[in-house]
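Thanks for making the time. I have one structure to go through, and I will keep to the geometry.

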Amino acid sequence: MKLFVQLQPLIFIAALLAAWQISISLHPGSLLPGPWAVVGGFTDLLQHGVLLKYVVASLFRVTWGFTLAAALAIPAGFVIGWYARAEMALNPLIQILRPISPLAWIPIAILWFGVGDLASIFLIFIGCFLPLVLTAIDAVQSVPAVYVNAGRNFGLSFAELVYRVLYPAAMPQLIVGLRITLGVAWLVVVAAEMIAVNSGLGFLIVDARNAGNRYDLVVAGMVMIGVIGLLLDIGMRSLEKVRSLRWSYSEE
Amino acid sequence: MPSSEIVANAMLESKLRARQINMTFKSGSESISVLENIDLDVATGEFLCLVGPSGCGKSTLLSIMAGFLSPTSGTVTIDQEKITGPDPRRIFVFQERGVFPWLTVEGNVGFGLFKLPKAEQDRRVAHYIKLVGLEGFENAYPPELSGGMKQRLEVARALAVNPDMLFLDEPFGALDSITRLIMRGELLRIWDAERKTIIFVTHDIDEAVQLADRVVVLSDRPAKVQSVVNIDIAHPRDISSARYLELRDGILAQIGLAHRV
């Protein structure tokens, strides 16, 4: 019985796939390929050696864009959050820039960086940077004063206070922000690859359609994007289970 | 209490000296006077309790003496030195739980020892974990500990840096009454072993009379020193003795509480 409960989601997916396959075979010639055709698409991509290549290309861009954004946004957010005046000065600017979709930056990205990796890395960076700055501002402002006072009491310098108190105290909130932002990065890379480069999973989808309406490859690419997005999220979630991070202010 | 006695106490070796402390908080156009002309002397190795009605400014006074707040006027000197900020020689134990939840018990106790050699750090961490009875929990994280254990951990973290003074702000306020009784005994045992100068804020008169050498009674806001009561009973104190009840009821009467429920 327990096994059945655990397998339930898989059984449900299998049932959906079967229904999909049956309805495709009842209406041949419809525009959506059936699951079996998508499997064929996967085999095709694997045989030509492009699937792995494109996955690596997309992950490469996400890694760079996301890491650069995190490395700059978290310190920037800490500074802005810590100094009330910095927040007063910068908050209007942040609020104006924030609603602009990263995709609106595509023309500028191509103007500055041409068509290539840099343009899509820049777009991912844009998509992650401001949300992470806001997360870091909020995280540092919600560090309870008692921790800061205790840190000062033990004679920490400002740098030590940041490293030994503010940073670990803000970490649980930062990780939630990083997890959400990594999801955004994965959304942006696909869009960026449709326009600004000629490799990657986003490119695969556009290219398969343009070069002969291979919708089996389009759906294969979509499935791949979903699976990798899920794996990235599982990876970030596992960070939340680390013992030294498994606490929140709410339980105090 | 005649003022001559306060002066007499000041003549003893005075560790901390507060003179004419005034504190006014501004909220909008209003300004609220919290402390008024507080004079206080604390002798080296003394256990002093500050009591008063809740919200009277006890914690504010403690924060000023620890260097976390600057008074509107007046000075606090410790060892003839004017204080300008918090200092590792004087550790504040917070009313809210101040232990760091991202560090283990060991990590918390060793938090202030970063300037010492590793071997000395390890020695002190082990010593103070034992002193507060947290052996076996070295690698536990604070969320896994009970309230009383967290409070003992914070005391151990404070003692590990070998301060000469401890400021305790209602440290047992959030504990249940049985744990609180045990913790008082523990604190006296530790005080007996380490002889730190302790200033302890509480709103619990019984707690003050059980622990302190002297009890400073503050008035309602703006707080003034209403009286200073010497607790001339040797430890361990019999809390049903006539002298204990007399001192306790004297303080209760000063605060204006009829001793009837």
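Predicted model: local features only at pLDDT ≥ 70, side-chain atom pairs only at ≥ 80, totals over all residues.

Start with chain B and its domains. On the contact between them, domain 1 of chain B contributes 16 residues and domain 2 of chain B contributes twelve residues. Which elements give two or more residues to the domain 1 side of that contact? They are β7 and α6 of chain B. Of these, α6(B) gives the most, with five residues. By class, the domain 1 side that touches domain 2 in chain B has nine nonpolar, three polar and four charged residues.

Now the strands of chain B. There is an open sheet of six strands with mixed pairing, in the order β6-β7-β8-β3-β9-β10. Its edge strands are β6, residues 90-93, and β10, residues 225-230, and each of them pairs on one side only. On average, and ignoring direction, neighbouring strands of this sheet are turned by 15° against each other.

Strand β1(B), residues 14-27, and strand β4(B), residues 73-78, run antiparallel and are joined by five bridges. B:Ala18 has B:Val76 in β4(B) as its bridge partner. Strand β4(B) is also joined to strand β5(B), residues 81-82, by two bridges, again antiparallel. Here the bridge partner of B:Thr77 is B:Lys82 in β5(B). The hairpin of β4(B) and β5(B) has two residues between the strands, and B:Asp79 in this hairpin takes a positive phi near 50°.

That brings me to the backbone. Most residues other than glycine have a negative phi, and most peptide bonds are trans. What follows are the spots to check against that.

B:Asn162 sits in the loop between α5, residues 147-160, and β7 of chain B. Its phi is positive, about 55°, although B:Asn162 is not a glycine. B:Glu170 is in the loop between β7 and α6, residues 177-194, of chain B. Phi of B:Glu170 is also positive, near 40°, and this residue is not a glycine either.

Then the cis peptide bonds, both in chain B. The bond from B:Arg221 to B:Pro222 is cis, with omega near -5°. B:Pro222 lies in the loop between β9, residues 214-218, and β10 of chain B. The bond from B:His235 to B:Pro236 is cis as well, with omega near -10°. B:Pro236 lies in the loop between β10 and α8, residues 242-255, of chain B.

Over to chain A for one helix pair. The axes of α2(A), residues 35-47, and α10(A), residues 215-239, come within 8 Å and cross at roughly 80°. Because of that angle, α2(A) counts as roughly perpendicular to α10(A). Which residues meet at this crossing? From α2(A) they are A:Ala37, A:Val38, A:Gly40, A:Gly41, A:Phe42, A:Asp44 and A:Leu45. From α10(A) they are A:Asp216, A:Leu217, A:Val219, A:Ala220 and A:Val223. By class, the contact of α2(A) with α10(A) has eight nonpolar, two polar and two charged residues.

Last, the contact between the chains. Chain B gives 17 residues to the contact, and chain A gives 17 residues. On the chain B side, these divide into 13 nonpolar, two polar and two charged.

That is what I have; questions are welcome.

How values were computed:
Residues numbered from 1 in each chain as written. Chains lettered and ligands numbered in written order. Axes fitted to C-alpha atoms, helices over the stretch in contact; angles between N-to-C directions. Helix = DSSP H or I, 4+ residues; strand = E, 2+ residues; numbered from the N terminus. Parallel < 35°, antiparallel > 145°, perpendicular 65-115°, else oblique. Contact = placed C-beta atoms within 7 Å. Nonpolar A, V, L, I, M, F, W, Y, C, P; charged D, E, K, R; others polar. Pairing = 2+ DSSP bridges.
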